[in-house]
Amino acid sequence: MPPSFEVSRRSLKWRETRHLLLTTAPGALWIVIFLVLPSLYLVSMAFMTNGPYGQPGMPLSLDAFRQLAGFGFLGWSPGNLYTLLRSIWQTIVATGLVVVLSYPIAYYITTCRASLRPIMLLAVVVPSWTNQVIRTFGWMNLLAPETPLSDAAQFLGLIPEHMGLFPSSFAVTLGLVYNFLPFMVLPLYAAFEKLDTTLIEAAIDLYASPMRAFWAAVFPQTLPGLLAGVVLVAVPAFGMYVVPELLGGGRSMMIGNLVAGQFTGASNWPYGAAAALLMLAATLIGIFLLRRLGKRAGGGEEVVI
Amino acid sequence: MKRGALKRALGIYWWVLLFFLYLPLAVVVLFSFNSINSAAIFESFSLRWYYRLLANDQIMSALWHSIVLAMSSSVIAVLLGTLIGYGLYRHRRRGLGWLIVLIYLPIVMPDIVFGIADMTFFVRINALTGWLAPGLGPMILSHVTFEIPFVALIVYSRFVGLDPTLFDAAKDLYASPVKRAWHFIVPAIKPALISAFFLSFTLSIDDFVISFFTSGPESSTLPIYIWGAIRKGVTPEINAIATLMIAAVIVAAIISLLVTRRRPQTPPEGR
Amino acid sequence: MTNALATDDAGRPAPSITLEGLEKSFSRDVIALDGVDLTIRAGEFFTLLGPSGCGKTTLLRILAGLDTANKGVVRIGGHDVTEVPPHKRSVNTVFQSYALFPHLNVEDNIAFGLKMQGVEKDDRQRRVREMAEFIKLTPLLGRRIDQLSGGQRQRIALARALVCEPNVLLLDEPLSALDAGLRGQLQVELQRIQRRLGMTFVFVTHDQQEAMVMSDRIAVLNNGKIQHLGTPREIFERPANTFVARFMGHDNLFDITSREGDLLDTPLGRLTVDTRTHGDKVLIRPETIELGEDAETDANYFTAVVRESFYRGSYIEYRLDVGEVSLRALSSNQGQKLHKNGERVPISICPEDIVTVTDGE
């Protein structure tokens, strides 16, 4: 046996490591430099003081967090707390509506001819390929005063005269549902496609009632897809900026608008950074909880974006 | 009997939902051909807003910026993302948890946090070094960052779908590492590269928030221009330019349908 | 091990492949090869036979260069190729999954190896066409891979490897995914191609029938070691140990309780054997058992009761009870009377047909 052999084994291992570095390091570094470092800078900014021109600087302080918690010159105000709760509430409502609206559609697509299915999925997805500003603009046109929808709402006494359906919380919910519906249809469709139909037939035999068969045999099988969809919908919905900005008024502001406001108009970067941290923390907690739920539902690692 | 009724009801619901999905787009398209400046009353058909559009230098330069941004960021993202996708596949038996977390980070990061983090970071770097002044350059850097993960995941899943012995077969048939990359790996994942490029392009065109925060006064993209116009009070050309963007998306959808028809294994991607 | 190597007599053509002390483990617990020494002669149809996990595929991959051994040397045609990467070895493989490139059509798949070696386009095309002619798939050249049947894919994988004219062709269970009829046909075809080209074939299979039909010599592997190396006949009729015997399908194996010269005591009774053997167990192949009237003239004479019988067309399979012991017998169908279940039948075994085998893994 050549004595160099053991050495060459070691060099093989090094070659593999070098290959790993050569392939993944450029992209990984890119993400580190242009997302991780900026995020860390943002974190540090939250502990700085706001300068006279809205620029962050020394000394370090917790002012931003105090302000975020609602303590200002005029004592405590619950405004930010309301904004956070409103964001969570809007996310839950919109996600729930998306689930209810998508579930039958995903099922319906699987019952159609196999050659039609890709076209149908595409038909659902295409609107989400257009720019979200344009989509939202379309709804602004539809919900404006003196449009058929607004007139109908006035006729029913839902809104006062000469008013439109937007700006309002209702419009924000509508915008969120509209934006994220396709994100739910795709994973649900994938779950329905994999559905074991013999189980359903067995369940119909066993339980007689179609409702009970559904809850016993169908729903559990689609749960992993449903949870994947919930992650895909709830995470971006919670962080949404465009829809509440255009369709909601001051009283339907979500946390994204609170953050953005500190960097566009009001210019208090440490305060904005602290709000961004809160938003990030809430998002990560949400994902963590949904993953826990997913694992318990037997979805395992299926929650893939 | 009962089953048939359910199916019919679902069929009706399907058309109602499609109506809901396409209504806002249809309104934009319809009013782009309106002869008067109104979002409520359609008077008669006219192309006047399209003529106005062509004469509007700001819109034309915004369109140009959008295309440059989407093109260049997609090319870089496909390059870097494909490398990561290959690395992830080739070394999938190692513990690459840190890398996976890093790749998912741009996807789960709320756009608004992403945007302001990059904006403040670029401003700070600019103050220190003079580099990265607001404009197309920093915008491309940010767009590449959020496109890389999607490319990497698409390419990775294509690799997973390949028979692993194909790699052995290429080696066995005298292909050196370079020839292997060129004559086997690239052609074998070509469908994934194409769909990754298109997805990156769509993500870039679709992005508003991150562009908004990293752009400078001279680098407005179409969504930023439209946003500004909406905020200032509607200027009517918006319907026209939005209609053109919708048309571009529908053409892209038809192309992707024709491509997937030929290759049934690539499902449409959403965002 | 030692008697396995002993059958490898000298005086043949220069060895084509030599393996010395090959060891390979994937982790501390998974040992794939545990010291393999082997010489494969030039121009021979050589088969690595064994159950799954015995190390046969690992051995093949080390020959191809797709895996590296932890220890040991691989020589091909006298050259040490232990560390030569696969793309620089004149060895080609037919993979179990065929591994045809999905992005290339049939013609480009076959031409791939030649193209990678830098063969000129005209020359390449000519050789691909000749190979297609040789293997009878000219009409398929323009097809896409997903338009082909399993048998067609198998032949294309073979053509793709053969067209490179390697010193050695490796075949990793290439027939296992095909149905029985096609399999038999391709076994014959593969053997003919090998004879015609005079190329060294190293074939991996877990199917002992397939190995016997095709091979010049067989190495039976288990637990990363060669259990028996020899011609199909040697391995079938004189298996080196009980593992090989069982793997070759023999089940009439009996303990030897005592021995006196050429007389052995077994649970079956006292047996006369022809040669003085030192094995631990007696092996009686079912086709050597004679039944009925023919039986009475022979030495090892017993009376059996037919427990079950199976009519298999060209032969009849009997499950017999001799006292407490059960025995399987095969009687070729020459129109003789069939024995019924429960019938008492005289049986005898010719002393030279009885072999003894050592206990093995």
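Predicted model: local features only at pLDDT ≥ 70, side-chain atom pairs only at ≥ 80, totals over all residues.

Biologist: How far apart are the closest N and O atoms of Arg155(C) and Glu189(C)?

Modeller: The cut-off for a salt bridge is 4 Å. Arg155(C) and Glu189(C) make the list, with their closest N and O atoms 3.9 Å apart.

Biologist: And which helices does that pair tie together?

Modeller: The two residues are 34 residues apart in sequence, so the pair ties together separate parts of chain C. Arg155(C) lies in helix H5 (residues 150–162) and Glu189(C) in helix H6 (residues 180–197).

Biologist: Is Glu189(C) buried or exposed?

Modeller: Buried means under 20% relative accessible area. Glu189(C) comes in at 19%, so the label is buried.

Biologist: Which residue does Arg126(C) form a salt bridge with?

Modeller: Look within helix H4 (residues 121–134) of chain C, four residues along, about one turn of the helix. The closest N and O atoms are 3.1 Å apart, and the partner is Glu130(C).

Biologist: What about Asp146(C): what is its relative accessible area?

Modeller: Asp146(C) forms a salt bridge with Arg144(C), the closest N and O atoms being 2.9 Å apart. Arg144(C) counts as partly exposed at 48%. Exposed means over 50%, and Asp146(C) is exposed, with a value of 52%.

Biologist: Which residues are linked in a network of salt bridges?

Modeller: Over all chains the count comes to 33 salt bridges. In chain C, some of them link up into a network, and its members are Asp251(C), Arg312(C), Glu317(C), Arg319(C) and Arg328(C).

Biologist: Switching to strands, which residue takes a positive phi in the hairpin of S4(C) and S5(C)?

Modeller: Strand S4 (residues 71–76) and strand S5 (residues 79–80) of chain C pair in the antiparallel sense over two bridges. Ile76(C) has His79(C) as its bridge partner. The hairpin has two residues between the strands, and the one with a phi near 55° is Gly77(C).

Biologist: Last one, over in chain A: how far apart are the end C-alpha atoms over residues 213–243?

Modeller: The unreviewed UniProt entry annotates several stretches of chain A as "transmembrane region", including residues 121–140 and 213–243. Over residues 121–140 the chain is 90% helix, with end C-alpha atoms 26 Å apart. Residues 213–243 are 90% helix and 0% strand, and their end C-alpha distance is 39 Å.

Key:
Residues numbered from 1 in each chain as written. Chains lettered and ligands numbered in written order. Heavy atoms only, no water. Salt bridge = Lys/Arg side-chain N within 4 Å of Asp/Glu carboxyl O. Buried < 20%, exposed > 50% of the residue type's maximum accessible area, 1.4 Å probe, protein only. Pairing = 2+ DSSP bridges. UniProt positions renumbered as here; feature names shortened; annotations may be inferred.
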